[in-house]
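I opened my notebook to look up charged pairs and the surface of this protein. Here is what I wrote down.

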Amino acid sequence: MRNIIILLSSLLITCYTSAQVPSGGGNRPAGGRSQMAGSFYGKLIEAKSLKPIEYASVQLLQNRFDSATKKRKDVVVAGMLTKTNGEFRLENIPAFGQYKLQVTVVGFKPYEQNVSFDLKPNGGNNGDMTTMMSALDKDLGNIKVDIEDKVLDNVTVTSSNPGLRLGIDRKVFNVDKNLVSAGGTAVDVMRNVPSINVDIDGNVTMRNNSPQIFVDGRPTNMSLDQIPADAIESVEIITNPSAKFDASGGTAGILNVVLKKNKRVGYSGSIRTNLDSRGRLGFGGDINIRQDKVNFFVNANMNQRKSISTGTTDRTTLIGTPNTFLHQTDRSISKGTFMFLRSGFDFFLDNRNTLSITGNIGQGRFKPTSESDILIDSLYSTVTSSFSERLSNSNNKFNNAGAMLSFKHLFPKQGEELTADVTYNKSKNTNLNLVSTDYYKIPGNTFLSSFKQQQNGSGSNDNIVIQTDYTKPITEKSKLEMGLRAQFRTVDNRNDFFVVNSAGSLVYDPLLSVNYTSTDNIYAAYTTYSNQIKDFGYQLGLRVESSDYEGILPDKDQAFNIKFPVSLFPSVFLTQKLKNNQDLQLNYSRKINRPNFFQLYPFTDYSDSLNISRGNPNLSPEFTNSLELSYQKTFKNKDNFIASAYYKNTTDLITRYQEKEINASNGKDMLVNTYINASSSYVTGLELVSKNKMTKWWDMTTNLNLFTSKINLDDPTQPEQDQFASWFGKLNNTFKLPKNFSLQLSGEYQSKTILPPGGSGSSGGGGGRGGGMFGGGGGMFGQASASQGYVKANYYVDAGIRFEFLKNKQASLSLNVNDIFRTRRQNIYSESAYFVQEVFRRRDPQILRLNFNWRFGKFDPNLFKRKNNKNQGDGTENMNMGQ
């Protein structure tokens with residue numbers, strides 16, 4: 001009798017669901033831009049014995065308007081029978097709506113519960129993509145069924161997935177809606193992200209300092225120009241991270257690149273290609289398959305690039321006799337190809353335990369060439385001049401590989417979870433550079449001599465991160481979080497220099513060559529406590545970190561060790577909800593920035609005779625105290641406005657410094673670039689971000705940042721930088737046009753700005769010495785200390801247009817162009833007691849790129865099941881799940 005009841009229940013659920021769900025509800029193509037969907041899951045247990053209840057009928061109902069009867073009625077959205085362990089999971093549930101969970105089982109009273117997803121208006125989950133995705137996978141906990149009904153509290157649902165979600169502690173930028181970066185790299189994405197500045201070489205700064213670059217919440221060896229824009233789901237900007245995050249790199253914040261991965265039942269994917277105005281091609285595709293307990297995904301991209309850079313350098317050197325004036329012009333062309341492959345799977349052991357494995361491979365092959373004309377005037381009473389032509393030919397390669405193994409356990413109590421993961425990243429690079437210089441006598445351009453030099457470089461970077469986190473809700477409005485983390489990094493680098501003699505043979509130059517190995521280990525633990533008292537919320541956190549560093553110079557048979565003792569990093573976040581959808585937050589955190597190998601390297605690097613450098617092994621880490629006050633207002637039409645006033649004070653700031661020395665080889669004066677700890681520095685500013693729906697067809701995001709900074713060197717031999725206020729503004733417009741067209745127009749203006757400490761920023765992530773993938777060109781001398789120079793004003797405008805076609809807009813064609821008016825440039829002025837210099841560069845203006853994208857997919861939980869496998873397993877066979 002029991003088996004007959006079970007069979008009839010399963011049959012009734014199947015038939016009723018198929019009859020009630022609107023046609024096509026479970027088979028909508030991925031290209032249809034359907035609304036977000038999530039899952040409800042839980043476990044049925046007996047109230048007294050706590051034993052699991054098997055074969056219980058679980059249905060999810062939604063009250064809808066019936067066009068036939070002109071009345072509202074409950075419609076079955078999803079349903080199944082519980083498994084033998086009492087578990088159930090209802091997939092592909094539309095995120096926006098109120099639902100009723102209905103449970104019936106022989107021997108127990110019926111059970112009903114109103115359910116919905118924990119999403120908040122206007123991306124109100126603080127704009128946190130991780131929180132958003134967790135909210136769409138809702139654990140209903142252990143549901144106790146007895147003679148007593150237990151109805152849980154209602155949870156409201158209203159949300160959207162806009163191009164930019166603004167939270168009071170972070171901003172989340174949705175890449176899919178960014179037309180101007182299609183077919184490009186993460187660098188192109190960052191140019192449209194609020195709070196972020198990007199120079200022409202792809203170096204990023206956040207509030208005039210270099211942020212930490214994460215990929216999927218973990219450190220990476222990849223630089224931003226090695227990550228395809230089409231592989232990115234979103235970018236999270238965290239300006240003042242709490243104690244839960246790394247204490248390192250504290251002068252800016254965290255830039256977290258979230259890569260694409262879908263978890264919806266069925267399959268989905270896309271195929272894309274692009275062509276730019278320099279004849280460079282790009283191809284890519286991705287697919288995601290989810291069925292039963294396994295979710296599999298793969299993403300592949302291949303892109304060709306041709307980068308052209310031009311520049312000039314004017315420099316007057318004020319040391320030695322006589323003084324000299326140099327004028328240099330540069331033109332660089334870099335051609336190359338890079339590939340990116342990412343794949344992985346999630347294995348759902350059961351409703352509360354998930355094992356995930358993700359891997360990625362990236363590689364690049366590129367050949368930059370650079371031509372430089374150098375004119376040097378020796379400023380005697382009668383000026384004498386010399387002229388040289390320099391040609392540089394390089395052959396560079398890089399290979400990146402990474403893997404992540406993670407485990408997630410959800411406890412029956414809502415919000416309680418334990419995660420553990422291991423992340424491994426490895427990168428290798430090889431560089432061969434042949435530099436030929438011809439010298440001429442002026443006037444007459446008489447050839448004097450030629451000099452050839454070859455550099456063979458190679459390096460590797462291994463990085464392992466082990467981390468575990470635990471979240472424990474104490475009450476409905478308070479929770480405790482804690483975690484442990486260890487990071488182990490090993491860097492090997494070798495640069496061998498050779499002089500090419502008249503016979504064409506290579507003669508090794510040990511003075512210029514560098515060979516080193518370094519290890520860097522960091523150990524950390526943290527805990528945070530959060531609580532909400534009516535409209536007032538607070539989070540108190542404390543992080544403990546220690547580290548050790550070892551550098552080995554095998555060729556010189558020397559080593560140096562630096563141990564950084566245990567340091568404490570507190571954080572405090574206070575939030576007050578005001579009337580009329582307003583929030584006010586005050587937060588404080590303490591961070592550290594430890595010196596890297598090149599800043600510590602104790603020997604002089606003569607590899608560039610015009611830019612001699614040396615590290616300082618006596619450097620101390622710098623500590624930053626950050627304070628930020630933020631105000632947020634959400635309007636009735638979902639417009640959003642955030643104002644943030646920030647102040648960062650740094651002690652022992654690591655900054656570049658120049659000193660004059662005597663060259664032992666020729667007895668002449670020379671400038672050596674090194675690093676020192678400045679006594680202190682500060683950055684303070686006001687940032688405004690506004691997201692407005694101007695009309696039904698026009699969305700606009702504006703960002704204005706007004707700031708100033710000051711570095712105190714306490715060195716009378718160095719000139720003080722005049723302090724001045726700087727600002728930059730960003731404007732991003734999106735227009736929905738008729739006939740499935742959409743247009744994006746974005747621009748940025750940056751005023752005269754003091755140089756960030758140590759240079760112009762960081763490309764992030766990569767551990768190599770060469771910087772970005774397509775470098776080259778520009779001045780030979782680099783920049784001076786941040787206290788001695790500034791970047792002149794700069795602006796640019798980008799645009800993109802997209803046309804969507806086919807059924808459900810599955811396909812699209814888009815055309816984007818960067819730097820429409822050819823105004824994006826880099827113009828740096830710097831001076832000291834020893835020189836005055838101005839460097840001007842321009843790179844890749846007015847590039848057009850045509851993109852094609854075709855999306856496909858079918859969200860059907862029965863897609864891969866055998867037709868003859870009826871009424872088995874979880875009872876969802878032949879059920880057409882609505883969205």
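I began with Arg494, which is partly exposed at 30% relative accessibility (buried is under 20% relative accessible area, exposed over 50%, partly exposed in between, with a 1.4 Å probe and protein chains only). The model is predicted, so I noted that local features need pLDDT of at least 70 and side-chain atom pairs pLDDT 80 or more, while totals for chains, interfaces and linings use all residues. Residues are numbered from 1 along each chain as its sequence is written, and side-chain values use heavy atoms, leaving out hydrogens and water.

Next I looked up the partner: Arg494 and Asp555 meet in a salt bridge at 4.0 Å, N to O (a side-chain nitrogen of Lys or Arg within 4 Å of a carboxyl oxygen of Asp or Glu). Arg494 sits in strand 24, and Asp555 lies in the loop between strand 27 and strand 28, 61 residues apart (strands are DSSP runs of E, at least two residues, numbered from the N terminus). Asp555 is partly exposed too, at 45%.

I then searched the whole structure and found 31 salt bridges. One of them joins Arg843 to Asp201, with the closest N and O atoms 3.0 Å apart. That pair links distant parts of the chain, 642 residues apart. Arg843 is buried at 12%, whereas Asp201 is partly exposed at 23%.

Arg543 lies in strand 27, 297 residues from Asp246. Both residues are buried.

Methods: Helices (H or I, at least four residues) and strands (E, at least two) are DSSP runs, numbered from the N terminus.
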